Each structure stands twice: as structure tokens, then as C-alpha cells.
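The following exercises are to be worked through with the sequence and the model side by side. Each task is followed by a solution that goes step by step.

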Amino acid sequence: MNALPLSRLHSVLLKGEFAVTAECGPPRGANEEVVKQKAQLLKGYVDAVNVTDNQTAIVRMSSIAASALLLQIGLEPVMQMVVRDRNRIALQSDLLGAYALGMRNILCLSGDHQAFGSQPDALNVFDIDSTHLIHTVKTMRDEGKDMSGYALDKPPRMFIGAAANPFADPFEYRVVRLAKKIDAGVDFIQTQCIYNMDRFKKWIHLAREEGLTEKAYILGGITPLKSSGMARYMKNKVAGMDVPDEIIKRMDNVEKKKAADEGIKICLETIEELKEINGVSGIHIMAIEWEEKVPEIVKNAGLKN
Amino acid sequence: MTKLDKPNVTLFHCINSIDEKLTKSYIHKRNINVKLISLPCSSLVKDVYLLRAFEAGADAVAVLVCPENQCRHLQGSIRARKRVERTKKILEEIGLDQERLSVINVSITDQLAVSKILQEIVAGLSDLGPIRVAA
Amino acid sequence: MIVGEQKPVREIIDTIIRYKKLLILGCGTCVKTCFVGGEDEVAALASALRLALKQEDRKIEIEEQTVERQCENEFIQEAANAVARNEAVLSLACGAGVQALAKRFGDTPVLPGVNTTFIGIQQKPGLFTEECQGCGNCVLAVFGGICPITRCSKKLLNGPCGGSQKGRCEINPETECAWQLIIDRLTLLGQHKNLRAYIPPKNWQPSISGGPRKYIREDHII
């Protein structure tokens with residue numbers, strides 16, 4: 001791991017503080033105020049804010065532009081970049097541009113398939129995969145070269161992140177894939193939302209045994225549930241999501257009015273458990289269309305006071 | 001709608017599904033032009049045969065197949081049904097009423113089956129009328 | 001084999017509507033095997049078209065023929081007389097066959113009756129699956145004989161993605177996750193090493209990305 005901080009998020013992690021990141025989805029439109037308003041809610045409560053890249057394959061304001069807006073109001077973005085829509089030429093070019101604009105964290109992803117989005121008739125790219133993107137950013141940073149081997153004038157020095165899903169199949173291979181991403185150059189990992197704590201613990205145990213938690217910071221994914229309907233939807237409809245029946249039951253067993261409170265309670269309990277797990281360096285809160293709850297969660301979790 | 005005085009019906013059938021002699025004697029008494037085409041197994045029916053039957057002037061075409069669990073060749077009647085379903089889609093694409101084509105399970109022990117089937121087809125045709133063709 | 005699907009009859013009618021004499025030309029190789037362009041399909045389509053046009057008071061004469069292979073000149077030659085007798089040709093071959101005909105019969109309109117879809121195999125009667133994208137740089141040795149370029153929805157060389165569940169692909173539960181298959185097969189073959197290895201980005205130059213491709217065998221060119 002780099003000893004000198006590449007970003008504010010990196011410096012928080014270097015100091016050994018429990019890091020908090022949150023997610024901000026750019027709008028389906030060119031309204032910069034929406035981005036700023038959403039982000040303003042998070043100010044002071046998080047170390048960095050992930051800016052999604054056309055998530056679920058729906059056209060939104062670009063992650064670079066929305067990240068730049070975040071910088072304007074003093075928040076540090078984690079710019080997400082998917083390999084679905086851009087070939088290696090565009091990805092590298094945008095990476096250089098993003099660094100020039102002041103972005104210091106990147107999250108390298110494959111991206112949701114366009115079949116899920118609003119324009120399934122689009123051509124996808126997938127020229128390189130997410131692991132290749134990690135390797136590319138790392139090579140740019142540490143060797144100062146682009147994919148062709150050309151020496152860059154002022155290489156971008158990004159703090160490199162990636163996603164990991166401990167809940168997808170095949171389970172045994174999930175740690176192998178994490179290791180591959182770390183070998184390729186990942187500094188930090190944000191995981192899929194954790195509802196199945198047992199499985200998460202098994203996964204991090206395996207990662208620890210492989211020495212992977214020493215090589216990359218792992219931030220556990222948190223998504224507060226708003227209702228039992230949402231819990232069911234996540235369980236049944238969202239690929240790669242694991243919501244155990246106990247969680248569904250807990251959401252079912254409270255009055256509708258109090259379901260949101262129960263969701264927050266579950267998420268605070270999850271954070272408490274994560275704090276105690278060796279190898280977990282922080283949390284990543286993905287409050288889907290519920291960003292206003294992030295300050296409450298962070299405060300009640302006893303973080304960032 | 002032009003009325004059908006004497007409708008043309010083509011029946012494809014498995015030799016094991018009906019008694020041909022009995023059927024012919026019955027047809028003889030009715031005011032229908034029936035073309036009987038017997039097949040050693042109903043699964044030998046193909047989309048092109050069914051379409052050509054319509055080309056040759058049939059107002060309705062039916063494929064008589066054995067009950068699914070009584071097919072001598074195990075899956076013959078299931079195959080025949082699938083071919084008919086596919087041909088129905090073609091008919092729909094070219095603007096012919098799907099109702100004009102049917103696949104019906106018939107047991108050879110049911111001596112009244114063909115007569116009932118023809119009655120139904122004729123009744124159905126009184127709604128559908130003849131196939132519209134160029135003058 | 002090359003797999004295709006017949007175009008909707010309505011679409012075919014729209015393309016042939018101006019012709020009074022039409023040759024439907026089938027191909028006895030790949031498209032026959034996948035039930036779209038052999039003698040049977042030529043006959044059924046001819047009948048369907050005649051029925052359809054008869055209802056619309058349109059007259060058309062349809063001639064039917066099927067050659068062994070539409071992508072080879074020697075076989076196409078057999079259709080020359082029939083082509084000459086007709087105003088247009090509706091080809092039920094793959095896109096290569098259609099273009100081979102168009103090249104051979106320069107002054108006759110050649111129309112496609114089939115949407116060519118993929119290079120695949122017949123898994124079981126009636127079920128065809130895509131197996132190869134003709135990327136020009138085969139990587140099957142590394143992946144236990146299962147192609148991630150073709151069979152992973154995201155073309156991941158370092159998969160599987162987070163959407164792999166119970167061996168199924170996230171974009172369609174009826175599609176097998178190629179990476180689950182790769183992991184299973186490499187495990188069976190004792191080639192776990194390949195799973196841990198970083199597979200570098202693919203060189204797409206030999207693929208269609210490098211422009212239309214050619215293959216030259218000097219020793220066969222006189």
C-alpha cells in the first residue's frame with residue numbers, strides 16, 4: 001500500500017480511522033443543483049462520496065461531471081467508472097481528464113448490463129474488464145505509462161478502488177477474484193450490501209487467511225431497508241444480493257409506519273458488527289434515493305463526530 | 001360474408017387414431033367435402049403440408065392425433081401438436097384465422113369422434129366464412 | 001454452424017412486393033441444420049407467401065430451389081438458370097450466402113429472408129446456442145474450452161461478475177454463467193492455476209474491430 005496519501009479517503013484509512021463513504025447517484029438531466037443538494041446533505045458525515053457511472057445502465061449526468069460538481073462544494077468524490085460504455089481509449093482519456101479536474105479516487109467496475117437499463121438496444125463495449133481497468137490505472141500511476149507503454153506527461157495518481165460481492169456464486173471463487181483484483185492494483189474495496197453477516201464473515205475470514213486484508217482496505221456495503229417490500233425486491237429481483245429470511249421477517253413483523261425505523265436499526269446493528277471485524281476498515285453506505293438518512297445513520301453509529 | 005354451402009375440410013390423421021372405413025361412410029352422408037389424408041403417424045405432418053392444404057382450397061384443416069399416452073411411437077402426437085402450433089403462428093402472420101387449423105386428440109375407440117369434430121368445424125366455419133381469395 | 005432465424009413473413013412480403021416472379025433459394029448446409037433455410041423451409045415459406053398474397057389479390061409466381069451451399073460459387077452456379085427466369089431472389093442462406101449470390105448475379109436483386117444470428121451448436125433438437133464470436137484469436141485453451149468472450153454477457157476475461165448466482169447469468173436466468181462453467185471445468189481438469197492468473201486485455205485487432213477480415217492461402221492461389 002502507498003505510504004503517502006493519494007486522497008483524503010486514503011489518508012483517513014492510513015490513519016487507521018474507520019472510514020465512511022456514501023453514494024450519490026447523478027440525476028437524469030443536466031440539473032447541477034440536484035447533485036449539489038444531494039451532496040450537501042452528506043457534508044461533514046462522510047470521507048468521500050461515490051458518484052455512480054450510469055448505474056443500472058440508465059443515462060444520467062456523467063460521473064466525471066457530477067464528481068467535478070462535488071469538488072466545487074468541497075466534497076471528495078470517488079469517481080465510478082464502468083467498462084460497459086467506453087473502450088480503452090475513452091477510459092484512459094477520461095481518467096487523465098478526471099485527474100486534471102481534481103479527482104483522486106476511482107472505483108473500477110464492469111457495470112450493469114444494458115439489458116437492465118432504459119436503452120437495452122444499445123451496443124455494449126466491454127473492450128477491457130474491471131480487473132484490466134484496475135491494472136491500467138495502477139500502471140499509469142506507478143509506472144507513468146498508458147496501456148500502449150507511452151510515458152505520460154504527469155501521470156494521474158489515483159487511489160484505486162474496486163467492488164467485491166461476497167454473496168455471488170461460486171462462493172469459494174469470490175476470494176480468488178478479490179486476490180486477482182488486489183494483484184492488479186486495488187487499494188480499497190467496497191462490498192455489495194451486507195445483509196447476510198454469516199456469509200460476509202466467512203468471506204472476510206478467507207480473505208484474511210490469504211493476507212488480502214493487509215493489502216487492501218475493505219469497506220463493508222450498507223443499504224438501509226425502507227420497507228419489507230424493498231427487502232423482498234432486493235432478495236428476489238436484484239442479482240447478486242443475499243437477503244436472509246430473518247431480515248425479511250424482521251421487516252415484516254413491524255407496522256408499516258415503523259418499517260423504515262426497523263431498516264435503520266438493522267443497518268446500525270450491521271455497522272456495529274462490522275466495526276468489530278478484523279480486516280474491515282470502514283463502511284460504504286448506499287442509501288438508494290434516501291441520502292437524507294445518511295447523517296442520521298453516521299451519527300447514531302457513533303462515527304464522524 | 002359469403003356463406004359456405006359445402007365447406008372444404010382436410011383431415012390429416014394417424015392411421016391408429018380413427019377407423020377409416022367408418023369415417024368415410026359417415027362423411028359420405030354429410031354435405032361437406034372432406035379430404036382424408038392418412039399418415040402412419042401424425043408426427044409426419046409438416047407445416048408445408050398444412051399450408052398447401054389451404055392453398056388447395058381447404059376452408060379448415062384438422063390434424064387428428066392419438067391421445068398423448070397412446071401414441072405407438074411414443075411422442076408422435078406431441079410432435080404433431082407442436083407442428084400445428086407453429087403453423088398456426090404462420091397463419092396468423094399471413095392473415096388467416098388460426099381457428100381454421102386445429103389439432104385434436106382422438107381415440108380409435110370413440111366411434112363418434114370424427115362426426116363430432118366435423119360438426120364443430122362446420123359450426124366454426126359458419127362464423128369464419130370462406131378464405132378470401134383473388135377473384 | 002451458422003445459425004439464423006427466418007424473418008417475419010410480413011417483413012419478407014414488404015421486400016418482395018414489387019416482384020411478380022420470385023425465386024426462393026435455400027441452402028443445404030448450416031441453415032438447413034437449424035431449420036431456417038433448407039428445402040422444407042423454402043417450401044413452407046413459398047406456400048405461406050402464396051397464401052398471403054392471394055388474399056391480397058396479388059399475383060406472384062414462386063419458384064423453389066435449394067443448393068448445397070450458397071457461399072460457394074460452384075454450388076451457386078446450379079441456380080443460374082432459375083435466377084435468370086425470375087425477377088428477384090429471396091435467399092434463405094446466411095448473410096454470406098446472400099452476398100455471394102449478389103456478387104455472382106450482379107443484375108438480379110437478392111433479398112435476405114433470414115436474420116443471421118450466430119456461430120453455434122445444437123445443444124439438443126431444436127435448441128441452438130451461441131459458442132463462438134470469431135474473434136480471430138482463440139483463447140479456449142486458457143478457459144477450459146468455454147469461451148468467455150462469447151458466453152459471458154460482459155465478455156469478462158477475469159470473471160465472474162457479482163451477478164453470477166446458482167450458475168446462472170444475471171441478465172437471463174435461462175443463460176448459464178460462463179464463468180461458473182469455466183471454474184467447474186478447470187477444477188475438473190486440475191487447472192486451478194488458470195483461475196488465479198491475471199488474463200491481460202484482449203487484442204481485438206484480429207476481430208471485426210480490425211476491419212473486414214481476409215484469410216489468404218497462397219498455395220491455393222494461382
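**Exercise 1.** In what order do the four strands of the open sheet in chain C lie, and is the pairing parallel or antiparallel?

*Solution.* This is a predicted model, in which local features need pLDDT of at least 70, side-chain atom pairs count only at pLDDT 80 or more, and totals for chains, interfaces and linings use all residues. Residues are numbered from 1 along each chain as its sequence is written, while chains are lettered from A and ligands numbered from 1 in the order in which they are written.

Begin with the elements: helices (H or I, at least four residues) and strands (E, at least two) are DSSP runs, numbered from the N terminus. Strands pair if DSSP finds at least two bridges between them, and on this basis the order in chain C is β3-β2-β4-β5, with parallel pairing. At the edges stand β3 (61-67) and β5 (110-112) of chain C, each of which pairs on one side only. From one strand to the next, the twist averages 25°.

**Exercise 2.** How many bridges join strand β2 to strand β4 of chain C, and which helix lies across β2, β4 and β5 of chain C?

*Solution.* Strand β2 (residues 21-27) and strand β4 (residues 88-91) of chain C run parallel and are joined by four bridges; C:L23, for instance, has C:V89 in β4(C) as its bridge partner. The helix is α1 (residues 9-16) of chain C, which runs at about 160° to β4(C), where axes are lines fitted to C-alpha atoms, for helices over the stretch in contact, and angles run from 0 to 180 degrees between N-to-C directions.

**Exercise 3.** Into which domains is chain C divided, and what radius of gyration does chain C have?

*Solution.* The domains, whose bounds come from an automatic or database domain assignment, are domain 1 (2-118) and domain 2 (135-209) of chain C. Taken over C-alpha atoms, their centres are separated by 37 Å. The radius of gyration of chain C is 22 Å, whereas a compact globule of 222 residues would have one near 17 Å; the radius is taken over C-alpha atoms, and the globule rule is 2.2 Å times the number of residues to the power 0.38. Along its principal axes, the C-alpha trace of chain C spans about 65 × 50 × 25 Å.

Key:
Two residues are in contact if their C-beta atoms, placed from the backbone, lie within 7 Å.
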